[in-house]
There are 2 protein chains.
Amino acid sequence: MQRTLAADLPEHIGKQVRLVGWLHHIRTLGKIAFLILRDRTGLAQGIVLKPDKIGISDLKRESIVEVIGKAKVEKQARRGVEIDVSSMKTLVEPVADIPFEVNRSLEKLNLKLDVILDHRAFGLRNQELGAVFPVQAEIVRSFSEFMHSKDFLEVHTSKIVAAGTEGGTALFPVQYFEQKAYLAQSPQFYKQMLVGAGYERVFEVGFVYRAEDHATSRHINEYLSLDFEMGFIDSFHDVIEMEKGFIGRMIEALGANCHDEFEILKARLPEVKDIPEIRLDDALKVLKRDYGHDTSGMIDLDPQAERELCDYALKNARSEFVFVTHFPAKSRPFYTMPDPENPEFTLGFDLLFRGVEVTTGSQRIHDYNMLVNNIRKFGMDPADFEFYLEIFRYSMPPHGGLAIGTERLTQQMLGLSNVRQASFFPRDRFRLTP
Amino acid sequence: MQRTLAADLPEHIGKQVRLVGWLHHIRTLGKIAFLILRDRTGLAQGIVLKPDKIGISDLKRESIVEVIGKAKVEKQARRGVEIDVSSMKTLVEPVADIPFEVNRSLEKLNLKLDVILDHRAFGLRNQELGAVFPVQAEIVRSFSEFMHSKDFLEVHTSKIVAAGTEGGTALFPVQYFEQKAYLAQSPQFYKQMLVGAGYERVFEVGFVYRAEDHATSRHINEYLSLDFEMGFIDSFHDVIEMEKGFIGRMIEALGANCHDEFEILKARLPEVKDIPEIRLDDALKVLKRDYGHDTSGMIDLDPQAERELCDYALKNARSEFVFVTHFPAKSRPFYTMPDPENPEFTLGFDLLFRGVEVTTGSQRIHDYNMLVNNIRKFGMDPADFEFYLEIFRYSMPPHGGLAIGTERLTQQMLGLSNVRQASFFPRDRFRLTP
């Protein structure tokens with residue numbers, strides 16, 4: 001008899017069904033028992049009218065069971081269907097007591113994050129903890145599909161590199177046979193090189209590594225970066241418009257495919273009409289004027305400024321997203337294109353979402369001599385970047401791109417208190433397992 | 001005036017067009033000049049009737065140029081269209097002599113692989129070198145789409161791990177703050193754990209790392225692994241059937257979307273009806289009988305055996321693919337399910353394609369005690385695998401999965417002599433740049 005999945009039950013009303021999954025919950029009420037079975041599609045409710053016959057008392061929660069019975073309409077049940085159980089069998093049984101309950105709400109469980117992460121795979125059986133990842137997968141999928149639809153080539157570039165992207169800090173060393181190497185901080189150089197290789201438009205979904213010391217709720221040391229880079233742009237606005245297109249597509253996809261997960265997590269999709277833009281210097285003035293934030297001397301946004309600016313954008317432009325543009329050259333990497341109207345600023349931007357930066361992007365320098373000079377201006381030696389610089393000698397088109405932090409975007413989308421909840425196996429200052 | 005891409009020229013016959021791209025080739029013939037421009041979609045041919053007026057003699061190859069003219073029918077030209085050039089402008093010029101020609105065939109260029117890889121981004125401007133990656137991207141895309149259509153969740157699992165998958169050899173050490181860590185050899189443990197987390201079906205596209213010393217034409221030390229793992233299987237044949245489904249979908253996608261690339265590379269799509277299976281012990285007998293290969297004592301296939309077995313499958317089953325099954329337990333990792341009919345063998349298999357192994361898979365052990373015993377039998381300490389073993393205590397379903405080497409599959413699909421040609425920035429025993 002073929003397996004029926006929990007989500008497909010409504011199509012089988014009046015028929016015999018066979019479900020296989022984990023025993024999520026079981027409860028006896030007088031001479032009747034109720035059970036809930038869990039499979040990859042969700043929960044299914046069953047009613048057992050003769051529990052003794054079926055041997056209910058021997059069943060252990062989190063066993064893998066086979067349930068056979070008739071699917072019938074029951075308005076109170078999930079999806080309006082209940083199984084009238086005629087037989088039940090344990091296929092696999094736990095060999096130890098479970099570390100914590102998984103069939104209750106996180107609020108009731110009140111577990112410390114470290115406990116959840118120590119038992120990561122088991123904990124994901126909890127509906128709330130588990131619902132994060134189908135959403136994240138949909139974010140990644142909508143990114144790949146959108147990029148593909150815009151004629152971008154998906155690429156995968158090496159994560160073991162001889163030098164860092166931004167010039168050598170916060171790197172994890174790797175012993176590469178006899179050579180000293182590092183884990184890549186970003187695919188920045190490679191994606192630019194592949195624009196120059198003639199692909200013009202490339203995107204990558206891949207892990208990047210930052211050996212940063214801080215332990216905050218919004219940093220992990222290994223994160224999934226959604227990167228793209230595009231050639232033959234007219235301005236950095238081409239990059240911003242491309243991201244707007246992706247965001248629209250992503251929200252559409254989440255709305256269409258992640259209804260259950262948003263409900264389980266009590267999360268809300270953002271409404272997006274157009275995303276406002278504000279220059280960093282104007283933003284700092286606004287924060288001083290409206291929020292009493294002493295922004296003098298600031299060349300970047302701190303977390304408080306990010307929150308305030310999002311509050312401002314929500315109130316004044318009804319947007320939960322806001323682009324901040326024209327960051328000072330001092331706060332941006334050497335490859336960022338200076339603003340031709342005032343080279344103290346750059347054509348670099350961030351995207352903030354619900355109080356947190358989720359994207360960094362810019363137009364890049366494409367002129368070989370300008371790039372070499374900028375490397376020197378940053379106190380570095382162009383010879384160290386020869387592998388990157390070479391393609392700039394043979395004609396690079398005007399180009400730009402950006403990087404989106406997947407876990408952080410997931411965190412903000414779902415209102416998670418800690419970015420670690422949006423990583424299957426997060427790596428931080430102190431955590432290297434599971 | 002909007003940019004027209006080379007591939008879109010046939011839609012613009014009789015109209016003024018503006019193309020932007022690299023100057024691939026230019027040649028003067030008496031009072032007429034012919035030029036070829038290259039953009040991300042391919043080549044476009046132009047004819048210049050008054051070269052002096054346009055300043056043809058100053059143009060440098062591999063400059064980025066803007067070409068304006070009228071698109072007209074010309075049967076001899078690519079896609080049957082030629083541009084009657086009325087104006088031309090250099091937008092970006094090379095600042096050095098190019099390291100080698102990119103507008104000739106690889107055969108004529110006769111470059112050493114090391115020279116190609118030393119100038120990787122530039123070399124990809126060559127049509128043959130560059131055509132590899134749209135094919136690879138299509139392989140990856142068809143994998144993701146097929147897996148998604150079969151209800152698999154895309155996951156991304158950490159590549160920095162505290163222990164190796166197969167038990168500690170061939171690992172690249174990473175200094176992770178104060179702790180010693182390693183680069184992941186495979187997502188094996190994590191994908192199994194996520195099956196047990198309740199997702200049942202997961203897939204991953206990600207780099208894996210093998211610090212293996214050998215320098216062959218089919219090994220690189222960082223490669224892109226296409227992994228999947230599926231729970232609630234009835235037999236390891238469910239895994240094989242899933243791979244057959246993917247292969248069919250992949251070939252369909254390559255046929256539909258990579259016609260130009262296959263032509264440029266003079267490659268041929270395999271015809272697949274059904275893929276035959278042969279037990280390893282039977283295969284070794286066949287090789288002895290038909291190929292005079294002394295296979296006595298062999299517990300795995302060596303490269304010669306892989307070639308011979310593919311030859312045999314082609315001749316006897318008209319298939320360029322062949323599954324080899326029931327590898328001995330000695331040649332497979334500890335988590336491989338023993339064959340219940342004879343535990344000296346396993347429910348593990350390989351897929352060979354055109355003479356090379358491109359997939360390794362198996363049913364896995366799902367019983368906790370059996371798994372712990374097998375770890376001990378392999379001379380390892382279960383305590384070292386606690387992070388992996390935990391979920392097996394709380395009911396794991398029967399499951400299996402496999403891993404496909406993307407670069408090697410690309411290599412075999414396109415008939416590339418070296419797997420490094422199927423990696424943008426390959427890492428091997430001696431190569432860490434670019």
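1. In this predicted model, buried residues account for 51% of the 434 residues of chain A. Chain A contains 14 helices and 18 strands, and its C-alpha atoms fill a box of roughly 85 × 55 × 40 Å along the principal axes. Among its contacts with a separation of 6 or more, 63% join residues 24 or more positions apart.

2. The domain assignment divides chain A into domain 1 (6-92) and domain 2 (131-422). The C-alpha centres of domain 1 of chain A and domain 2 of chain A are 47 Å apart. N373(A) belongs to helix α12 (residues 368-377) of chain A. Because N373(A) has 14 C-beta neighbours inside 10 Å, this residue counts as partly exposed.

3. Chain B is superposed on chain A by a rotation of 180° with 0.0 Å of shift along the axis, at an RMSD of 0.0 Å. This is the relation of a two-fold axis. The residue of chain B that comes closest to the rotation axis is V174(B), with its C-alpha at 2.2 Å.

4. At the interface, 74 residues of chain B are in contact with 75 residues of chain A. The side of chain B that touches chain A consists of 44 nonpolar, 14 polar and 16 charged residues. The copies meet through the same surface, because 100% of the interface residues of chain B are also interface residues in chain A.

5. V174(B), noted above for its position relative to the axis, lies on the covered face of strand β8 (residues 173-176) of chain B together with Y176(B). The uncovered face of β8(B) carries P173(B) and Q175(B). Strand β9 (residues 179-183) of chain B runs antiparallel to β8(B) and is joined to it by 4 bridges; within this pairing, P173(B) has Y182(B) as its bridge partner. The two strands form a hairpin with 2 residues between them, and F177(B) in the turn has a positive phi of about 50°.

6. An open sheet of chain A comprises 8 strands in the order β6-β10-β11-β18-β17-β16-β13-β12, with mixed pairing. At its edges stand β6 (153-154) and β12 (277-279) of chain A; each has a single partner strand, so one side of each is left without a neighbour in the sheet. Helix α7 (residues 188-199) of chain A packs on this sheet and touches β6, β10 (201-209), β11, β17 (356-364) and β18 of chain A. The direction of α7 makes about 160° with that of β10(A). Elsewhere, helix α10 (residues 280-291) of chain A lies across β12 and β13 (321-325) of chain A and runs at about 90° to β12(A).

7. Two of the pairings in this sheet involve strand β16 (residues 348-353) of chain A. β13(A) and β16(A) pair in the antiparallel sense over 5 bridges, with V322(A) opposite L352(A). β16(A) and β17(A) are likewise antiparallel, over 6 bridges, and F353(A) stands opposite V356(A). The latter two strands form a hairpin with 2 residues between them, where R354(A) in the turn has a positive phi of about 50°. A further antiparallel pairing joins β11 (residues 222-231) to β18 (residues 399-405) of chain A through 7 bridges, with G231(A) opposite H399(A).

8. Which way do the residues of β16(A) point? G348(A), D350(A) and L352(A) point one way, and F349(A), L351(A) and F353(A) the other, all of them buried.

9. In chain B, helix α13 (residues 406-414) is mostly covered, and 9 of its 9 residues are buried. The buried residues of α13(B) include the charged E407(B) and R408(B), as well as L409(B), M413(B) and L414(B). Their cover includes α5 (127-149), β11 (222-231), β16 (348-353), β17 (356-363) and β18 (399-405) of chain B. The helix is followed by G415(B), which has a positive phi near 65°.

Methods. Residues numbered from 1 in each chain as written. Chains lettered and ligands numbered in written order. Predicted model: local features only at pLDDT ≥ 70, side-chain atom pairs only at ≥ 80, totals over all residues. Least-squares fit on C-alpha atoms with pLDDT ≥ 70 in both. Contact = placed C-beta atoms within 7 Å. Buried ≥ 20, exposed ≤ 12 C-beta atoms within 10 Å, placed from the backbone. Domains from an automatic or database assignment. Pairing = 2+ DSSP bridges. Axes fitted to C-alpha atoms, helices over the stretch in contact; angles between N-to-C directions.
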